[in-house]
Every structure is written in C-alpha cells, then in structure tokens.
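Visitor: Hi, I'm new to this one. Can you walk me through what I'm looking at?

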Amino acid sequence: MKINYEKLLEAFGVDEGEEFLLTNNACKDKFKFEGGKLLWFDKLFNGWQESEIIEVNINELFMYEIEKLPWKPKDGETAWWVCDYGDCVYPFVFSFSYSYCVALLKCGWLFRTKEEAEANRERVLK
C-alpha cells in the first residue's frame, strides 16, 4: 500500500522534521517524519532510527495519542521575543551559548514568528 506522505503529516498535525510524542498505554516515545520516513528516537543508542510501525499497520499509528512538543529554536535560528515593556517585539539569532537566550526559552518567551510573539504579549507580561 502506497502512503501519501503529505496527508500523513497533515493527519498528525506536524511539519517535516518536527518532533512529537506518540503515547499508548505501554510506552511514550519521541518521533518525527523526515525524508519520507517515520523515525523514532532510540534512547538506548541515543539516535534516530527508522520506525517499522508505519509498515506494519498504518491504522495502528492512530491508536496512539499524539503530543506536540514545544517549539525549540536551533542554534543560529531567528527567534522573536517581547520586550520588557511589552510595546515591541524583537527578532534575534538564538544561541544556546548565551544564558539570556536559554532563560527566555525556558520561560516560554521565545516565538517562531513575529505574529506568535505579538499574540502572546499579554501572557509574557503577566
């Protein structure tokens, strides 16, 4: 059976490369779609492996609960934050080597887009 990769991404509500959790009553594992394949994070080997779930039974995938993980910027990626007074949002290049970047991330005050930052302005200022 040929699987429509784009429709599968849409059904799961995730983008290519976006990590998410699949949970059932037996386990909770991290997955992502990449290069037309479903990958799972193997904790034992600390790396991504191709998942065989999708080949066994596509319907089995929908027996899992899907949990999207919070967005986390990569080093060198542009992120947006709300300034101290809340009257403006700024873009900057994120780096895990700067403590203020990590602090903003841990507080949930970094956003992928300007629009997301503006939409969360009130929450950040509380």
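This is a predicted model: local features need pLDDT of at least 70, side-chain atom pairs count only at pLDDT 80 or more; totals for chains, interfaces and linings use all residues.

Visitor: Which strands form the open sheet, and in what order?

Guide: Five strands make up that open sheet, lined up as β4-β3-β2-β1-β5, with antiparallel pairing.

Visitor: What stands at the edges?

Guide: That would be β4, residues 47-50, and β5, residues 65-68. Each has a single partner strand, so one side of each has no neighbour in the sheet.

Visitor: How are neighbouring strands turned against each other?

Guide: By 40 degrees on average, with direction ignored.

Visitor: Remind me, what holds strands together in general?

Guide: Strands in a sheet pair through backbone hydrogen bonds, and they can do that parallel or antiparallel.

Visitor: Let's zoom in. How many bridges join β1 to β2?

Guide: Four bridges, linking β1 (residues 20-23) to β2 (residues 28-34), and the two strands run antiparallel. As one example, Phe20 has Phe31 in β2 as its bridge partner.

Visitor: Which helix packs on the sheet?

Guide: Helix α1, residues 5-12, packs on it and touches β1, β2, β3 (37-42) and β5. The direction of α1 makes about 140 degrees with that of β2.

Visitor: New topic: how many salt bridges are there?

Guide: The count comes to six. In general, side chains of opposite charge can pair when their charged atoms come close.

Visitor: What does Lys30 form a salt bridge with?

Guide: With Glu19, where the closest N and O atoms are 3.6 Å apart. The pair links distant parts of the chain, since Lys30 is in strand β2 and Glu19 is in the loop between α1 and β1, eleven residues apart.

Visitor: How accessible are those two?

Guide: Lys30 is partly exposed, at 29% relative accessible area, and Glu19 is partly exposed too, at 30%.

Visitor: What about Lys28, which residue does it form a salt bridge with?

Guide: Glu67, with 3.4 Å between the closest N and O atoms. Lys28 lies in β2 and Glu67 in β5, so this pair ties together parts 39 residues apart in sequence. Lys28 counts as partly exposed at 44% relative accessibility, as does Glu67 at 31%.

Visitor: And where do Lys37 and Glu50 lie?

Guide: Lys37 is in strand β3 and Glu50 in strand β4, so their pair ties together parts 13 residues apart in sequence. Their side chains meet in a salt bridge, 3.6 Å from N to O. Lys37 is partly exposed at 39% relative accessibility, and Glu50 is partly exposed at 40%.

Visitor: Stepping back, how much of the protein chain counts as buried?

Guide: Of its 126 residues, 33% count as buried. The accessible surface of the protein chain is about 8700 Å², and 52% of that belongs to carbon and sulfur atoms.

Visitor: Last one: what share of the contacts join residues at least 24 apart?

Guide: That's 39%, among contacts in the protein chain between residues at least 6 apart in sequence.

Methods: Residues are numbered from 1 along each chain as its sequence is written. Side-chain values use heavy atoms; hydrogens and water are left out. Two strands pair if DSSP finds at least two bridges between them. Axes are lines fitted to C-alpha atoms, for helices over the stretch in contact, and angles run from 0 to 180 degrees between N-to-C directions. Contact means heavy atoms within 4.5 Å. A salt bridge is a side-chain nitrogen of Lys or Arg within 4 Å of a carboxyl oxygen of Asp or Glu. Buried means under 20% relative accessible area, exposed over 50%, partly exposed in between (1.4 Å probe, protein chains only). Accessible areas come from the Shrake-Rupley method with a 1.4 Å probe; for residues, only the protein chains shown count as cover.
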